[in-house]
Amino acid sequence: MAFEAKTYIIKQMKERVRLKECFSGVKVVDWDFDGVLINSAKPVLERQCEVWKEKYNLDAIKGWDWTYHMSLKYGLTQEEAIKLQNDTWMNSVVLSKSEPLFGAWALSYRFYRMGISQHITTSRLPSLKECTYDSVNRYYPWIPLENVHVRDGTNIDKDQFKVDWVRRMFANLHFEDNRIQARLIAENTSATVIYLPYPDDKGSLKDLVNIIEVPRVSGFPNLWKAYQIINESNYRNVAQY
Ligand SMILES: [Mg+2]
């Protein structure tokens, strides 16, 4: 075996051992979907760029309402900007073009191999349930569809919906990119929240001990960076059932 190949395999094995140590004791993980497991911002941004007649890459996104403010900048009225947001973020044709974020995909697969139960809880509209199931089936087939939670009606508050599920399933970890929901879950459940802030939100939840901030690198940190940061944090002291 070539020396390089041997070194690569040893490195991979060491990484798996470290990862196993980092998440030992974790039984249930809950994932947010958009912006965490799946890169829905990409097809949404591409569609909005067509309207703006401008080009941006994903690193330009500063926050989850960034595209709304950009629409105003390109001369759309508030109503038009909201309509464009809705026509893209709530459009199953656009969302079905989303691909998985590699770091999250790799971490989720390792959780599966470690026997950790995984759930997905999303704020998506009830009308997007089928397209959400399709994406999970295609990219995360190891997560059973009964573990994918989408609201049954728009009368159900999307923030409370997430809090309730995280609490109900006794999740040890919840991965989230929405600042408001990350705070609510950290304040109202025993889970440790792995928060993936957009550049404008960095450091905004430092007051909560059960939030671990993992900076984004092109949409999501790589696997190594994510669990290295989690391992160095104090998450073992919280969310243990
Ligand atoms: Mg999200």
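Student: In which handedness of crossing does helix 8 pass helix 9?

Tutor: A crossing is left-handed if the near helix is turned anticlockwise from the far one by less than a right angle, and right-handed if clockwise. Here helix 8 passes helix 9 in a right-handed crossing. Helices are DSSP runs of H or I with at least four residues, strands are E runs of at least two, and both are numbered from the N terminus. Bear in mind that this is a predicted model, where local features need pLDDT of at least 70, side-chain atom pairs count only at pLDDT 80 or more, and totals for chains, interfaces and linings use all residues. Residues are numbered from 1 along each chain as its sequence is written.

Student: Which residues of helix 8 and helix 9 meet?

Tutor: Contact requires C-beta atoms, placed from the backbone, to lie within 7 Å. From helix 8, Asp 159, Lys 162, Val 163 and Val 166 meet Ile 180, Gln 181, Leu 184, Ile 185 and Asn 188 of helix 9.

Student: And how many helices and strands does the protein chain have?

Tutor: There are 10 helices and 6 strands in the protein chain. The radius of gyration, taken over C-alpha atoms, is compared with a globule rule of 2.2 Å times the number of residues to the power 0.38. For this chain the radius is 18 Å, close to the 18 Å that the rule gives for 241 residues, so the chain is as compact as a globular protein of that length. Its C-alpha atoms fill a box of roughly 55 × 45 × 35 Å along the principal axes.

Student: What share of contacts between residues at least 6 apart in sequence joins residues at least 24 apart?

Tutor: In the protein chain, that share is 61%.

Note on methods
Two residues are in contact if their C-beta atoms, placed from the backbone, lie within 7 Å.
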